[in-house]
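Open the model in your viewer and keep the selection tool at hand. The stops below can be taken in order.

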Amino acid sequence: MVLSKCLSSTLHLPPHPTTPFLTPLPLSKTPTFSSSPNHTFFPSKLKKPLLSQSLLKLSPMKSSNSSNSMSLPDLEFESDPTLTNEDLKPTAPTQRTFSGFEIATFWVGLVVGVPSYYLAGSLVDLGMAWWQGIATVVAANMVLLVPLVLTGHAGTRYGISFPVLVRSSFGIHGAHIPTLLRALIGCGWYGIESWIGGEAIFLLLPKSIKEASLSQPLPWLGTSPLEFACFLVFWVAQLAFVWKGIDGIRKLEKYSAPILVALTSSLLIWSCVKAGGFAHMLSLSSKLSASEFWSVFFPSLTANISFWATVAINIPDFTRYAKSQKDQVIGQIGLPIFMGAFTFVGLAVTSSTKVIFGEVISDPIQLLGKIGGLTTRIIAIFGISLAIITTNIAANVVAPANALVNLSPKWFTFTRGALLTALLGIAFQPWRLLQSSESFVYTWLVGYSALMGPIAGIVLADYYIIQKTDLNMKDLYSKSPHGAYWYSGGFNVAAILALVIGVLPVVPGFLQKIGLATSVPNTFVVIYNNAWFISFFSAGFLYLVLSNLRGKPGNSAARDNLLPTAK
């Protein structure tokens with residue numbers, strides 16, 4: 001049980017109707033078009049994927065959004081071939097198939113996993129009452145729900161992924177900075193989750209094999225050859241789902257959700273029957289005074305926000321497939337509900353193990369090793385493996401794969417990007433990271449929130465306040481120096497400075513946690529314990545100030561909607 005130790009040791013469509021024509025917003029008087037000859041958007045009837053036809057002109061037509069007829073001039077534009085491929089194009093109406101229910105099942109697949117299982121239990125270990133631990137988890141996810149829904153709006157409205165969206169705030173080339181930062185964290189998490197899955201396979205092995213010489217750790221490897229082999233088996237098994245792309249992931253999450261709910265309910269019922277109810281859990285009262293509670297609450301809140309802070313910034317990768325804004329909002333509202341329910345299960349089952357086995361077993365993999373015979377164990381391992389795969393693929397593969405596609409659209413496809421993500425997951429050597437609970441929470445979980453916070457703050461400040469949710473689709477795929485998002489050589493200095501300055505106050509506390517600084521003023525400790533909040537608001541505010549000082553860049557053309565946006 002990783003998180004329990006770490007916290008306790010560290011906190012001293014159906015498709016859209018076919019649109020006969022598009023209704024762009026008013027055009028500027030002097031549009032400038034990209035000169036690249038290869039890829040072109042076509043706002044036709046949108047029955048084929050966008051950007052796939054040759055140059056197409058818009059003939060004069062009447063707007064359907066106004067009672068007065070509006071003639072549009074002939075308009076042609078092209079996308080730069082180095083900025084797009086099949087995976088970076090805006091989704092066509094026929095691709096927008098995610099209903100609110102399917103987005104909700106997506107979150108069920110993400111939430112039901114090993115780390116989520118002992119979130120609340122770890123807070124009880126710190127001295128909180130059982131209901132305070134669950135309330136902290138729910139509160140953190142309600143806070144995170146705000147940037148999730150707000151960022152998801154852009155994906156649904158324009159059909160664009162996270163790497164394309166951040167071109168608006170960071171610049172055409174500057175977008176690589178936030179996407180690669182997100183990708184690296186995804187690769188690390190992919191390795192961690194895969195290692196946990198390998199532990200589940202290791203649990204199935206006969207005792208004689210687990211006691212053989214191959215199960216002895218090798219100093220240079222940092223683990224035993226047998227455990228490493230189990231890790232590789234689980235690592236390979238996940239690639240079968242990745243190979244089918246985003247539609248395969250959608251189906252995996254959709255059909256896995258009811259299985260995971262059934263298995264989770266079975267585990268809860270088993271623990272209740274065996275322990276004679278939840279009296280032991282309900283007797284877990286708070287051991288903290290009022291002042292002690294708040295000193296534990298805020299760092300714990302930050303850690304729990306960090307848990308899904310990565311998905312919160314790249315959520316357009318999924319909401320771009322939503323049928324409507326209503327679907328993406330309804331689907332995502334389930335996050336705090338599912339997190340609260342599943343952490344309750346984790347806490348209830350963990351507390352019941354004290355009555356059933358005479359000791360607290362907070363690691364679900366260890367618990368499964370003690371339940372029933374071989375058949376029961378196989379079913380349990382199947383369930384926990386399914387839970388890990390549904391979380392790992394959706395949360396830790398999509399963002400890195402899209403980031404790599406954005407880095408080099410000519411070479412990378414989603415599948416190639418996913419494969420490289422998996423390989424980098426091995427390079428992170430997760431077995432070493434998980435050996436230290438201190439490094440897992442404060443070097444990893446809270447540490448990376450200092451990067452995710454400012455990126456989210458900058459993206460939301462740009463989209464809602466600077467751009468007013470009105471993006472120029474042509475310029476998002478253009479290297480024209482006159483483009484709205486070209487800024488200075490393709491980099492928005494305001495966003496990069498805001499990101500760096502937003503992270504800087506967190507650095508002293510981070511250095512102390514990893515042992516590179518012996519002591520720092522208490523102010524920096526407080527800042528580090530609230531890294532996501534402070535970096536989010538400071539970077540977002542600074543970006544607005546710098547953007548206003550620079551002045552809003554002129555658009556090369558009107559911010560025309562090239563898609564029938566989802567309202």
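**The whole chain.** Begin with everything selected, and bear in mind that this is a predicted model. Colouring by secondary structure brings up 27 helices and zero strands. The protein chain has 567 residues, and 59% of them count as buried.

**The cores.** Select Trp 107, Ile 160, Trp 308 and Tyr 543. Within the largest nonpolar core, which has 132 residues, these four touch the most other members. Helix H13 (residues 290–314) gives this core its largest share, 11 residues. A second, separate core has seven residues, including Ala 303, Val 506, Tyr 528 and Ala 531.

Now centre on Tyr 543. Which residues does Tyr 543 touch, leaving aside those up to four places away in sequence? Among them are Ser 169, Ile 458, Asp 462, Tyr 487, Asn 492 and Ala 498.

**Helix H15.** Select residues 325–332, which make up helix H15. Its buried residues are Gln 325, Asp 327, Gln 328, Gly 331 and Gln 332. Why do they lie on the same side of H15? They cover an arc of only 165 degrees around the axis, so they share one side of the helix. To see what the buried residues of H15 pack against, show helix H2 (100–111), helix H5 (130–158), helix H14 (316–319) and helix H16 (334–357).

**A nonpolar patch.** Switch to a surface view and pick Val 493, Leu 497, Val 500, Ile 501, Leu 504 and Val 507. Together they form a nonpolar patch on the surface, with about 470 Å² of accessible area. Four residues of the patch, its largest share, come from helix H24 (residues 493–503). Leu 504 sits in the loop between H24 and helix H25 (507–513).

Go to Trp 243, in the loop between helix H10 (225–242) and helix H11 (245–275). Trp 243 is exposed, at a relative accessible area of 53%.

Most residues other than glycine have a negative phi. Lys 468, not a glycine, has a positive phi of about 55 degrees. You will find Lys 468 in the loop between helix H22 (437–466) and helix H23 (473–476). Tyr 487 also has a positive phi, of about 50 degrees, and lies in the loop between H23 and H24. Are these two buried or exposed? Lys 468 is exposed, with a relative accessible area of 58%, whereas Tyr 487 is buried, at 19%.

**The salt bridges.** How many salt bridges does a search of the whole structure find? It finds two. One joins the side chains of Lys 89 and Glu 86, at 2.3 Å from N to O. Lys 89 counts as buried at 5% relative accessibility, while Glu 86 counts as exposed at 54%. For the other, select Lys 474 and Asp 475, whose closest N and O atoms are 3.0 Å apart. Lys 474 is buried, with a relative accessible area of 2%, and Asp 475 is buried, with 1%.

Technical notes. Residues are numbered from 1 along each chain as its sequence is written. This is a predicted model: local features need pLDDT of at least 70, side-chain atom pairs count only at pLDDT 80 or more; totals for chains, interfaces and linings use all residues. Side-chain values use heavy atoms; hydrogens and water are left out. Patches are made of residues with over 30% relative accessible area and no salt bridge: like charges are joined within 9 Å, nonpolar side chains (Val, Leu, Ile, Met, Phe, Trp, Tyr) within 5 Å. Accessible areas come from the Shrake-Rupley method with a 1.4 Å probe; for residues, only the protein chains shown count as cover. A salt bridge is a side-chain nitrogen of Lys or Arg within 4 Å of a carboxyl oxygen of Asp or Glu. Helices (H or I, at least four residues) and strands (E, at least two) are DSSP runs, numbered from the N terminus. Buried means under 20% relative accessible area, exposed over 50%, partly exposed in between (1.4 Å probe, protein chains only). The arc is that of the directions from the helix axis to the C-beta atoms. Contact means heavy atoms within 4.5 Å. A nonpolar core is a set of buried Ala, Val, Leu, Ile, Met, Phe, Trp, Tyr and Cys residues joined through side-chain atoms within 4.5 Å.
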